[in-house]
Amino acid sequence: MKILVTGGLGYIGSHTVVELQSAGFNVVIIDNLSNSKIEVLDKITQITGIKPGYFNFDLSNKTACEEFFSNNNNIDGIIHFAAYKAVGESVNKPLMYYRNNLESLMNIMDNMNIHNIANLVFSSSCTVYGQPDVLPVTEQAPRKQAESPYGNTKKMAEDIIQDTVYSSDLKAIALRYFNPVGAHPTALIGELPLGVPNNLMPFITQTAAGIREQLSVFGEDYDTADGTAIRDYIHVVDLAKAHIIAVKRLVEKNNKLDYEIFNIGTGNGYSVLEVVKSFERVTNTKLNYKIVGRREGDIEKVWANTDFANNELGWKAEKDIDEMTASAWKFQLALK
Ligand code: UFG
């Protein structure tokens, strides 16, 4: 069984490639290294003992995309990660985000239709829910106005996929991730943010490692127990495993609808300070942090209702918050 993983050298992509190979799938990666490093290919090979196929080109390049699919047949399914993902950058460069994230998707789906590749797993985000009215949020919750062009590309991509599925033989599963954190237990792959991290976990580990002076905790006046914002953090290995189950479901034709959506989270919400406390507990250190004002565009609290994924996919997150912070720290230490 051959699975194409776009963005397979990125953070979630690389963990998914490892899980796919471990489950016996033959993997081909397309990654243009726009936010990843070629060394990751060797790390994947070190972990699994199998070197995945690898192609470096930009999926928003229609000609390059057509050439790839003409020369590579027998692909049973595609897991599409490749996309820009920096919320702040997307506000300043919206066209770059719309062009890259949507044209690549449309090029892939054009070729899926031409080459009769039926199965697509798409990486969506809980960002489509905005601030939900009801928590934990279910897949049926209304999607809200996106907070950023990045978030809007996820929402628009879901719509593009849904419309294409209804007009073709394509089958798709959109996985709406909550907040992926942590790293592979080998510490060979993990999150490699370029420059100053935007996300909480890499900022915590870089602060503890002395790369950043201090963590700013954005806001302590939210309507939560300790006043800091709540998210559903999910270990990247648990998240990667959900992709294997999703792609198998499609390939083995066990899907109930042609287009399905699943929340992929733990179902537990943790505040920023609870994540900091977990980090301090597992590393036995004190983290230098200071409470500052809210960050623009942040929502107050979100966590997943995971019943549908648990019952229908038979998937459940296994790793708790301490395993997430501990593995993120182990990866940070291995980078030095
Ligand atoms: N936070 C801090 N300090 C930091 C970084 C983050 O206090 O230096 C806080 C944030 O304010 C937020 C929480 O930590 O309350 C989590 O922030 P992240 O940036 O790690 O994650 P977000 O929930 O903001 O972002 C995630 C995904 C995005 C997605 C977004 C949608 O990373 O891709 O959810 O809500 F768009």
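Which residues does serine 148 touch, not counting residues up to four places away in sequence? In this predicted model, where contact means heavy atoms within 4.5 Å, serine 148 touches Val87, Ser90 and Val91. The residue is found in the loop between β5 (119–125) and α6 (149–166), with helices (H or I, at least four residues) and strands (E, at least two) taken as DSSP runs and numbered from the N terminus. Serine 148 counts as buried because its relative accessibility is 7%; buried means under 20% relative accessible area, exposed over 50%, and partly exposed in between, with a 1.4 Å probe and protein chains only.

Residues are numbered from 1 along each chain as its sequence is written, and side-chain values use heavy atoms, with hydrogens and water left out. Because the model is predicted, local features need pLDDT of at least 70 and side-chain atom pairs count only at pLDDT 80 or more, whereas totals for chains, interfaces and linings use all residues.

When neighbours within four places in sequence are left aside, isoleucine 12 is in contact with Phe81, Tyr177, Pro180, Val236, Leu239 and His243. The C-alpha atoms of isoleucine 12 and glutamate 191 are separated by 8.2 Å, although these residues are 179 residues apart along the chain.

Attention then turns to charged side chains. Side chains of opposite charge can pair when their charged atoms come close. A search of the whole structure finds 16 salt bridges, a salt bridge being a side-chain nitrogen of Lys or Arg within 4 Å of a carboxyl oxygen of Asp or Glu. One of them joins the side chains of lysine 62 and glutamate 66, with an N to O distance of 3.6 Å. These two residues are separated by about one helical turn, because they are four residues apart in helix α3 (residues 62–71). Lysine 62 counts as partly exposed at 44% relative accessibility, and glutamate 66 is likewise partly exposed, with a relative accessible area of 34%.

A further salt bridge is formed by lysine 144 and aspartate 133, whose closest N and O atoms are 3.2 Å apart. Both lysine 144 and aspartate 133 are in the loop between β5 and α6, eleven residues apart. Lysine 144 is partly exposed, with 24% relative accessibility, whereas aspartate 133 is exposed, with a relative accessible area of 65%.

Glutamate 158 and arginine 176 also form a salt bridge, and their closest N and O atoms are 2.7 Å apart. This pair links distant parts of the chain, since glutamate 158 is in helix α6 and arginine 176 is in strand β6 (residues 171–177), 18 residues apart. Glutamate 158 is buried, with a relative accessible area of 1%, and arginine 176 is buried as well, with a relative accessible area of 2%. Salt bridges that share partners join Arg143, Glu158, Asp159 and Arg176 into one network.

The surroundings of the ligand were examined next. The ligand is surrounded by 18 residues, of which the closest are Leu200, Ser216, Arg231, Arg295 and Asp298; a residue is near a molecule if one of its heavy atoms lies within 4 Å of it. By class, this shell has ten nonpolar, five polar and three charged residues, where Ala, Val, Leu, Ile, Met, Phe, Trp, Tyr, Cys and Pro count as nonpolar, Asp, Glu, Lys and Arg as charged, and the others, Gly among them, as polar.

The protein covers 89% of the 680 Å² of accessible area that the ligand has on its own, as computed by the Shrake-Rupley method with a 1.4 Å probe. Two or more residues of the shell come from each of α7 (200–208) and β8 (215–218), and β8 gives the most, with four residues.

Serine 216 lies in strand β8 and counts as partly exposed at 26% relative accessibility. Apart from residues up to four places away in sequence, serine 216 touches Lys290 and Val292.
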